[in-house]
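Here's a quick briefing on a two-chain model. Have a look at the sequence and the structure, then read on.

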Amino acid sequence: MGMHVKKQKLVMVGNGMAGVRTLEELLKIAPDLYDITVFGAEPHPNYNRILLSPVLAGEQTLDEIILNSWDWYSDKHVTLHAGKKVVEVDRIKRVVRAVDPEGGVTEVAYDRLLMCTGSTPFILPVPGKDLKGVIAYRDIADTNEMIDTATKYKNAVVIGGGLLGLEAANGLMLRGMDVTVVHVQSTLMERQLDSVAGKLLQKSLEARGLKFLMGAQTQELTGNDEGRVKSIQFKDGTELATDLVVMAVGIRPNTQLAEAMRLHCNKGIVVSDTLQTITDARIYSVGECAAHRGIAYGLVAPLFEQAKVAANHLAQYGIGRYVGSLTSTKLKVTGIDLFSAGDFMGGEGAEEIVMSDPFGGVYKKLVIKDDKLIGACLYGDTVDGSYYFKLLRDGRSVVDIRDKLMFGESNIGDVGHEGHSKAASMPDSAEVCGCNGVNKGTICKAIKEKGLFTLDEVRKHTKASASCGSCTGLVEQILMATAGGDYSATPKLKAMCSCTDHGHQAVRDAIRDNKLLTISSVYKFMEWRTPNGCASCRPAVNYYVTSSWPKEARDDPQSRFINERSHANIQKDGTYSVIPRMWGGETTASELRRIADVVDKYKIPTVKVTGGQRIDLLGVKKEDLVNVWKDIGMPSGHAYAKALRTVKTCVGSEWCRMGTQDSTQMGKDLERAMWRMYGPHKVKFAVSGCPRNCAEAGIKDVGIIGVDSGWEMYIAGNGGIKTEVAHFFVKVKTPAEVLEYTGAFCELYRQEGWYLERTVHFVNRVGLDYVKKKILEDHEGRKALWERLQFALDGEPDPWFDFKEAEVDTRQFEKLPAL
Amino acid sequence: MSEWKKICLVTDIPVLGARRVARPQGIDVAVFRNDQDGVFALLDRCPHKGGPLSQGIVFGTSVACPLHNWTIGLADGCAKAPDEGCTPKFSVHVQAGVVHLDATELATLALDQRAVVAGPAGKEPVTAVTA
C-alpha cells in the first residue's frame, strides 16, 4: 500500500506573463510537488501583453497572442480562477479570498503564495478622469474598447508620448481615427531617446499622419450630456475636441493587495535574491510588482530570469540567486528602429560621439566617460545595439577602438548572412545564420509556436546565432518584430554555464589565489551545482588549472573535447584527420615520401594542403591513428588543439629578391620555441620577410613583419568569422626580441584569457592599452611572462609519441570485440 | 531468456568515458561509465547527425555529442530538450565488475541504422549544367 503524501498548496495571485512563466519553470523541474491554484482578475488565460499593440493595430488577433490556452491549465492540473479578483490574504491562517463580478467568494488555503500582481496604469488626477471614453492602455478590455470606439467615433487623444502612448496612437490611427498625442515634455520618449532622436521620431510619425501637442499640460476633461468625454483642456487655456482619451503616462507596481497584507513595499513588493518577500518567507513575488534591490523591472527578460530563480526555490532546489539585470530598450514603433541603453544623455564629464544623417533617417549617439562606453542611443539603424550593449556591460576601456566605435562591429568582414543588416527587409527564405543554416522563416515560426522571448531561447531551439554569433543582431531584430518588445536584458554577470553562477574571471581568480590543482577541487571550492560539471565548463576548468599551475596540476583527458583527447580532428563520419608538424611550413623529400607511403598503406581517402601551409590527411580510422603517427614520424601538428597551430611563413631573404629578413628561419624558431603551447583557444602565427606580407601576418594572433631595420609585431588579428586586422604592437630589432615579446603576449593570454576566447576577443575585452602596459612598459613583467612560458613548455611531451606523459589513454584506439 | 555476453571489465572503461564495442553487423555500440561506476550502452550514433557518442564528454548521466554538442541521456538515449530524437539503447548487466551486453540485442538491434559517409565516397557525381 502506497503512502499518500499530501501535496503542498501553491497559490498564485495574478495570471500574467511573469507568474505563469514561473509555474512553467516549476512544473518542468518539480511537476508533482504542488497543488497549484491561480487567480487572475481578467477573464482570459495568460496572454502576451507586449503584443496588445499589434492587436490594436489589426496586425494580430487576440487568439494569436494567447500564451497558455485554457487547455494548458487543465493539462497541467492547475486550477484557474479567471475573472476572480483577490481582495484579501490572511497571512496567519494562510488563506486567499477572491470575489467574482457577481459577488461570489472563493477561498483557497496556501502553503506557498506567489504574488504576481503586475502593475497598474497611472491615471492623471484631473477632473473628468472618470468620464466615459477615458481609459488607460493596459489589458485586453482596454484594447477592445479602443477597437470598438474607432468604429463609432472620429477623434482621439493619447496622453503620453512614451512607448505605450505612441503604440496606442499608431493603432488608433490605423483603425481610422484622427489622433493627437499630447506630451508634457518637449520631445518624445525622453526616457529612451535624446532630444535629437526624439525629434527625428516625431517627424517620421507626423509624416505618417499622427499629430502632436508637445509641452502640453492637461488641466481638465469635459463631458457631454451622456457623460462621455468631449474635450480636453490644457493649462494654457487651449482646448481640443475629442471622443476618446487614452492615458498612457506610465505604470506603477500594483502593491495595493501586498500593502493590505502588510508586506513591506518600497517601489514594489520588496524581495530578496531568492524572490521571497522580505516580510514573509512563504510568499514570493516576481514580475513588475516586485522590487529587487530597489528596482522593479518592466521588461520581459529580467522577469523571466526572476521566474527561473523563483521556480528553482519553490522546487526546493535551494540553488540559484537573482542578482539583477542590466537592461536596454530596443523598441519598434510602427516600423522605426530604436535602441537605447545606459546613460545616453551624458552630462558632466561625459563625451559624445555623434553620427547624424537626418535625411537618411539615421542617428547614432555614443556616450563615453572615463574611457568607457556608458550609454548608446541609436535611431534608424540598430544592428549594432547588442555590440554596444556588450561593451557597456563589460565596462572595458574603449580607448583603442574609439576611432571605429561608431561604425560598430558589423562593418568589418561580417560574413555568413549575405551582408544583411536589416532583418525586416529579409524574405522568410533568407538565411540568417550561415553556421547552422537557419533561415528567417524558421526563426519566426519557432518564436511564435514555442513562445520564445529571449535570445538564449531562440538559440537553444533553432541554433540560430548559437555558433559564431555574428548574426546575433539580426536574430534580435527578428525576435523583437515577432515576439514584440524587449529581450536583450542580460544578467550583470555571465555565468560560465548552468552548473554555476560564477563567471570565468572568478573561477580563474579562485584557481590562482587558492592554488586549486584539480577540477574536483574547483567544483567543491566554488560550490558547483553539478557533481562533475558539463561539456561546457569541464574543458574550461581543466584548461584553467593546467595553465595556472604548470608541472603541478595534472591534465584530465576525459575533460577535453574529443580532438584534444584523441590528438586528431574528428570528421563528420567519425574518422579523423592527421596534420603533422612542418616547422615554418618547410618540408623535405623524405617527409613527403613517408606521408605518401602512409596514405597508400592506410588507404587514406583525401590529402589536402591547409591554409596554414601544412598537409592534412583526412579520413583516418581511429584504430589506425597510432600507427599513422608512428609511420609518418613527424611531430604532432596540434591542428586539433586549442594550442599553437602553425607558424605560416613566406620564403624570405634566403631566396626572395624582395626579402629583407629571413622570415622562414624566424618562423621555425618561433614554432620550435612555442609548439605544445595550449591556450584558451587556438593560436596562429605568421612571419613575413618584408612589408609585402605574403604570409598574411595581418590576420594572425601574432603577425611578424620583417623590415630592413628589424621586425614589426602585430597582435590579435583574426581571419575567421569576423575578419579583424591585427593591431600594430611594437617594433623590435632582433629575433631574440621577437621570441620574447611574442612569448610574453602568449603567456599573458594563457593566464588571463577566458576559455574559448581568441586573442582578438581577449584584447577587445581587456583593451590594447592594458596589453601594452603589461608587455611594453613593464620590462621585468615581460621577461617574467616569457620565462614562465618557457618553464611551462620545457620538457612537455609530444602526444603522438609520449602517450604516458601526455596523458593519452590508448585504450580509446581499440574497439572491444563482441564475439 | 536472454544470453549475456561478456564485454569487458568496468575498469576497462575510463571514468567519465566510453569504449566502442564492434559488432559482427551494424554500427558499434558505445559503453559508457560515469563517476558512480554506472555503465550504460547506446548505439554509437547521435540522433542528430550520426556523431559517434563514444567520443563525447560524459557528465552526470549524459554525454555531449562530439559533433554538435547535443546532450544525450545515457539511460534512455534521448536528446535533451529542446533538441529531439533518441538513439537505441542496449541492456547492460554488470556482475562482479564485468560488463555484459545482451547477445540478441547485439545481433539484432538497430541493424537498419546507416553510418555517416564522408569524403569522396559520399559524394554525388557532379553533373554539368547544360544550358
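In this predicted model, strands β24 (residues 351-357) and β25 (residues 362-369) of chain A pair in the antiparallel sense over 7 bridges. Strands here are DSSP E runs of at least two residues and helices are H or I runs of at least four, both numbered from the N terminus; two strands pair if DSSP finds at least two bridges between them. Residues are numbered from 1 along each chain as its sequence is written, while chains are lettered from A and ligands numbered from 1 in the order in which they are written. Since this is a predicted model, local features need pLDDT of at least 70 and side-chain atom pairs count only at pLDDT 80 or more, but totals for chains, interfaces and linings use all residues.

**The β24/β25 hairpin**
- A:Glu351 has A:Ile368 of β25(A) as its bridge partner.
- The hairpin leaves 4 residues between the strands, and A:Gly361 takes a positive phi near 70° there.

**Chain A overall**
- Chain A has 24 helices and 39 strands.
- A compact globule of 819 residues would have a radius of gyration near 28 Å, and the 32 Å of chain A therefore agrees (taken over C-alpha atoms; the globule rule is 2.2 Å times the number of residues to the power 0.38).
- Along the principal axes, the C-alpha atoms of chain A fill a box of roughly 105 × 80 × 50 Å.

**Helix packing**
- Helices α21 (residues 735-752) and α23 (residues 768-777) of chain A pack at about 130°, with axes 10 Å apart (axes are lines fitted to C-alpha atoms over the stretch in contact, and angles run from 0 to 180 degrees between N-to-C directions).
- That makes α21(A) and α23(A) oblique to each other (under 35 degrees is roughly parallel, over 145 roughly antiparallel, 65 to 115 roughly perpendicular, the rest oblique).
- On the α21(A) side, the contact uses A:Tyr741, A:Ala744, A:Phe745 and A:Leu748; α23(A) brings A:Val771, A:Lys774 and A:Ile775 (contact means C-beta atoms, placed from the backbone, within 7 Å).
- By type, these contact residues are 6 nonpolar, no polar and 1 charged (nonpolar: Ala, Val, Leu, Ile, Met, Phe, Trp, Tyr, Cys, Pro; charged: Asp, Glu, Lys, Arg; polar: the others, Gly among them).

**Where chain B meets chain A**
- 36 residues of chain B are in contact with 28 residues of chain A.
- On the chain B side, β1 (4-9), β2 (17-22) and β5 (57-59) each supply at least two residues, and β2(B) gives the largest share with 5 residues.
- The chain B side divides into 22 nonpolar, 6 polar and 8 charged residues.
- Strand β39 (residues 816-817) of chain A pairs with β2(B) in the parallel sense over 2 bridges, and A:Pro817 stands opposite B:Ala22.

Key: Contact = placed C-beta atoms within 7 Å.
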